[in-house]
Amino acid sequence: MTADESSWVGTVYLLGGLCGSVLLSVVGRRIGRKSIVLWSSVPFCISWITVAFATTLHELLIARYIAGMSEGLALASLIIYVSEISDKEIRGMLGSSVSVTLFLGVMAINLVGSYMTIKTSSLILLVMPALHFLTFVWMPESPNYLLMKGKYQEARQSFIALKGSEDVDHSLAVIGTAIENENLNKTRFISLFKKNNRKSLWAIFGIRFAQQMSGITAFSIYAQTIFKEGGEAISPILGAVIFHTIQLILSVLSAVLVDKLGRRPLLISSAIGSIGALLAGGLFFFIRDVANVDTSRISTLSTIILFIFSFTFCLGLQTMPNFITAELFPTALRAYASTAACVLLYSFAAICTKYFQFTKDNYGMFVPFWSFAICVAIGLVMIVTYLPETRNKTLEDIQIELNQSKTTRKRSSRNP
């Protein structure tokens, strides 16, 4: 494949994710969180089998598109599911664990794919979605979703299976009351853009913009290519493995800290650190490629900078955007909000990936690095401005506080 063709193998996956996210807005409220996550295993299996036996580029692109669409459906549904079944004290940790397992999967694919053929790798990794189906089929549906559908007894059984029988009726009553209040007005996708939801929507936009326009998806896809740019100080395969290992370890650390330190401090620190690393990386490549300074003696610097970026990025920006959406919106709007968040994720990731490949090939590596730094800075401003702290608060408490703050703003505007 040419460089442009190979870039489409990565980009078409993201376009599939975009379509899967849009599809979620249609089926998310009808099918249920568990069912979507469970049955996504089937197209994932079809995708791996197609990749294994593909003989043309078009077949490979179709397989990647199917996998991306499945992820677009499953990822958003899984995040909602985890948020709704988790206790407030560990909701952040469990939500962050979604990103941890994503990195574990990416690292496994990089390891297997670096030493085996595409066919062998695909058939080995086919085991994962099959195993997921066989194990997840036993999990109960989210009590919140069942209550939203008016299935109280099923919701009660689900709650007991997940959390035990203690205080079950009171907890379901609180959730049920919140859902009834949310459903006083009919909720549609357009409800996301109503005035009382705009602040949360801007917060999600800022988080996703900072996360994906930082270049993380492009860096992951082109990890070995970037390490080749750093000279021979470290092999591209080893560099990619270390890069993904750092992401995995820091994602675990972030998952542990998020319920202790809070969402905002970790996100802000992560964004500031990522900006610094991206600016430093751009400066290195500018000095090497534009100023034509001999950097052979410090060729490892670009590799170190990329590792530092991975370290700071994963401290907050990698893990938290995936579950904060489910915290900021009410039950009736969560499927729509997750659709919007995932549309932003895949759109920004696709744009970022193609932008990275085009600019590095035509203008030099420093251009995407500095561009990404500017984008993260814009996202940081939006995070500081619009994102509330949700640590140690139930989903119902978060909605009460958001509604109270909206009421307070209305009163203050009427009585200056």
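Is R33 buried or exposed, and what is its relative accessible area? R33 is buried, at 2% relative accessible area. This is a predicted model. The structure holds eight salt bridges.

**Salt bridge R33–E84**

- The side chains of R33 and E84 meet in a salt bridge, with N and O 2.9 Å apart.
- This pair links distant parts of the chain, 51 residues apart. R33 sits in helix α2 (residues 33-39), and E84 sits in helix α4 (residues 57-85).
- E84 has a relative accessibility of 5%. The cut-off for buried is under 20%, so E84 counts as buried.
- R33 is buried as well, at 2%.

**Salt bridge R156–D169**

- R156 and D169 also meet through their side chains, in a salt bridge of 3.1 Å from N to O.
- R156 belongs to helix α9 (residues 152-163) and D169 to helix α10 (residues 168-182). The two residues are 13 apart, and the pair links distant parts of the chain.
- R156 is partly exposed, with 26% relative accessible area.
- D169 is partly exposed too, at 40% relative accessibility.

- E327 forms a salt bridge with R263. Their closest N and O atoms are 2.6 Å apart.
- E327 counts as buried, because its relative accessibility is 0%.
- R263 is buried too, with a relative accessible area of 0%.

**Helix packing**

- Two packed helices are described by the angle between their axes and the distance between the axes.
- Helix α17 (residues 321-328) meets helix α18 (residues 331-362) with their axes coming within 9 Å. The axes cross at roughly 150°.
- Angles over 145 degrees count as roughly antiparallel, so α17 and α18 are roughly antiparallel to each other.
- The crossing of α17 past α18 is right-handed.
- Helix α3 (residues 41-53) packs with helix α7 (residues 127-136) at an angle of about 160°. Their axes are 8 Å apart.
- α3 and α7 are therefore roughly antiparallel to each other.
- Here the crossing of α3 past α7 is left-handed.

**Surface patch**

- L111, Y115, M116 and I124 form a nonpolar patch on the surface. Together they have about 400 Å² of accessible area.
- I124, one of the patch residues, lies in helix α6 (residues 118-125).
- I124 counts as partly exposed, because its relative accessibility is 39%.

**A loop residue**

- I234 lies in the loop between α13 (223-229) and α14 (236-261).
- I234 counts as buried, at 15% relative accessibility.
- I234 and S299 are 65 residues apart in sequence. In space, they are 9.7 Å apart, C-alpha to C-alpha.

Key. Residues numbered from 1 in each chain as written. Predicted model: local features only at pLDDT ≥ 70, side-chain atom pairs only at ≥ 80, totals over all residues. Heavy atoms only, no water. Patch = residues over 30% accessible without salt bridge, like charges linked within 9 Å, V, L, I, M, F, W, Y side chains within 5 Å. Areas by Shrake-Rupley, 256 points an atom, 1.4 Å probe, with all protein chains shown as cover. Salt bridge = Lys/Arg side-chain N within 4 Å of Asp/Glu carboxyl O. Helix = DSSP H or I, 4+ residues; strand = E, 2+ residues; numbered from the N terminus. Buried < 20%, exposed > 50% of the residue type's maximum accessible area, 1.4 Å probe, protein only. Axes fitted to C-alpha atoms, helices over the stretch in contact; angles between N-to-C directions. Parallel < 35°, antiparallel > 145°, perpendicular 65-115°, else oblique. Left-handed = near helix turned anticlockwise from the far one by under 90°.
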